[in-house]
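Subject: Structure handover

Hello,

I am passing this structure on to you. Please look it over before you read my notes below.

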Amino acid sequence: MAYHKRLPTVRTCAHCHASFEAAHKARLYCSNSCNTLACRARKPRPTPDLPARAAAPPRRAPGPAASLPLDVQTLTVVAAGHLLGQAAWNVGAYVVEQFALPAPALLPPAPALDRKASLDQLVARYVPGLAPGPTDAEPPAEP
Ligand SMILES: [Zn+2]
């Protein structure tokens, strides 16, 4: 049996009622979007009820302001804390004083930086066979 391509027939979209050429006999809608919209219209989906947001736990009610009894024990603890803090501060100051670098005015002046000499020293030190190259300050003399 020979295959005969079906001729497109003019139909009316079942959703938007526009006329369109259907290449297949089962085609009902003019487009995929009409198919989707018709499907959604057939099966209305109510928006799911979102669970109510859980109420935040109530904040702890502020209690009475903390107060310390004014007695010998409290005063002793407070005084000891104060003395310990002072001692720690003094220790830190001593350490800083002992290990801090001297002021820049007390350091000897830095030698003048000669990059070419430094490079030659490095070459002479780490590459024994290689003599230092000619200085780039003066070009080779022409005869
Ligand atoms: Zn349509």
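Of the contacts in the protein with a separation of 6 or more, 3% are between residues 24 or more positions apart. Two residues are in contact if their C-beta atoms, placed from the backbone, lie within 7 Å.

Two points on the source. This is a predicted model, where local features need pLDDT of at least 70, side-chain atom pairs count only at pLDDT 80 or more, and totals for chains, interfaces and linings use all residues. Residues are numbered from 1 along each chain as its sequence is written.

Burial comes next. Buried residues make up 1% of the 143 residues. Buried stands for 20 or more other C-beta atoms within 10 Å of the residue's own, exposed for 12 or fewer, and partly exposed for anything in between, with C-beta atoms placed from the backbone.

The protein has three helices and two strands. Their order along the sequence is β-β-α-α-α. Both kinds of element are DSSP runs numbered from the N terminus: helices are H or I with at least four residues, strands are E with at least two.

Now the helices. Helix α2 covers residues 72-99. Its 28 residues should span 40 Å at 1.5 Å a residue, and its end C-alpha atoms are 40 Å apart, which agrees. The expected span is 1.5 Å times one less than the number of residues. The number of buried residues in α2 is zero, so this helix lies largely in the open.

Helix α3 takes up residues 115-126. α3 is hardly covered, with a buried count of zero.

In helix α1 I looked at Leu-37. Leu-37 counts as partly exposed because it has 14 C-beta neighbours inside 10 Å. Its C-alpha atom is separated by 9.5 Å from that of Cys-16, 21 residues apart along the chain.

Two histidines sit in loops. His-17 is in the loop between β1 (9-12) and β2 (19-22). Its phi is near 60°, a positive value in a residue other than glycine. Most residues other than glycine have a negative phi. His-17 is exposed, as 9 other C-beta atoms lie within 10 Å.

His-24 lies in the loop between β2 and α1 (32-42). His-24 is exposed too, with 9 other C-beta atoms within 10 Å.

Best regards
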